[in-house]
Amino acid sequence: AHAVAGGLLLMMVVMPVTGYLWTEGHGLDVAPLDWFTLPRFFFKNKALGDYAKFVHQWGRWVVYSLIALHLAGVSYHLIFRRDRLLERMLPAQIAQVDPE
């Protein structure tokens with residue numbers, strides 16, 4: 001469980017960084033939601049862009065695999081162990097009081 005959570009956190013850093021390097025390495029501007037343009041640091045370094053593209057595209061499958069493992073762990077605790085682990089992670093529910 002710790003390895004999957006750590007992997008997901010790592011990929012939350014790796015994917016945006018490689019996406020940025022991929023785009024910038026091919027000479028395109030990076031403008032998140034068209035709000036602003038990120039500064040250029042690598043100025044059309046195509047070799048770096050191609051390597052970042054490779055890592056980014058394989059990273060997609062790593063993220064999919066980690067999500068599948070995470071869902072398998074949730075299912076295991078919910079269906080087989082029935083240890084109420086999911087309930088402990090969700091926000092506390094306010095008890096319904098009968099208005100009589």
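**A first look at the chain**

Analyst: Y76 is partly exposed, with a relative accessible area of 41%. Buried means under 20% relative accessible area, exposed over 50%, and partly exposed in between (1.4 Å probe, protein chains only).

User: What kind of model is this, and how are residues numbered?
Analyst: This is a predicted model: local features need pLDDT of at least 70, side-chain atom pairs count only at pLDDT 80 or more, and totals for chains, interfaces and linings use all residues. Residues are numbered from 1 along each chain as its sequence is written, and side-chain values use heavy atoms, with hydrogens and water left out.

User: How many helices and strands does the chain have?
Analyst: The chain has three helices and zero strands. From the N terminus on, the order is α-α-α. Helices (H or I, at least four residues) and strands (E, at least two) are DSSP runs, numbered from the N terminus.

User: Is the chain spread out or compact?
Analyst: The chain is more spread out than a compact globule, because its radius of gyration is 21 Å, well over the 13 Å that the globule rule gives for 100 residues. That radius is taken over C-alpha atoms, and the rule is 2.2 Å times the number of residues to the power 0.38. The C-alpha atoms fill a box of roughly 70 × 35 × 15 Å along the principal axes.

User: What share of the residues is buried?
Analyst: Buried residues make up 18% of the 100 residues in the chain.

User: Back to Y76. Which ring does Y76 pair with?
Analyst: First the total: there are three aromatic pairs in the count. Rings of Phe, Tyr and Trp (its six-membered ring) pair if their centres lie within 6.5 Å; planes under 30 degrees apart count as stacked, over 60 as edge-to-face and the rest as tilted. One of the pairs is W61 with Y64, which is edge-to-face, at 5.2 Å centre to centre and 85° between the planes. W61 and Y64 both lie in helix 2 (residues 46–81), three residues apart, about one turn of the helix. Y76 pairs with F80: the ring centres are 6.3 Å apart and the planes at 40°, so the pair is tilted.

User: How far apart in helix 2 are Y76 and F80?
Analyst: Y76 and F80 are four residues apart there, about one helical turn. F80 counts as exposed, at 65% relative accessibility.

User: New topic. Where does W22 sit, and what is it in contact with?
Analyst: W22 is in helix 1. Leaving aside neighbours within four places in sequence, W22 is in contact with G49, A52, K53, H56 and Q57. Contact means heavy atoms within 4.5 Å. W22 counts as partly exposed, at 25% relative accessibility.

User: What about the loops?
Analyst: D34 lies in the loop between helix 1 (2–25) and helix 2. Its phi is near 60°, a positive value in a residue other than glycine. D34 counts as exposed, at 68% relative accessibility.

User: Which residue is in the loop between helix 2 and helix 3?
Analyst: R82 lies in that loop, with helix 3 at 85–89. Phi of R82 is near 50°, again positive in a residue other than glycine. R82 is exposed, with a relative accessible area of 65%.
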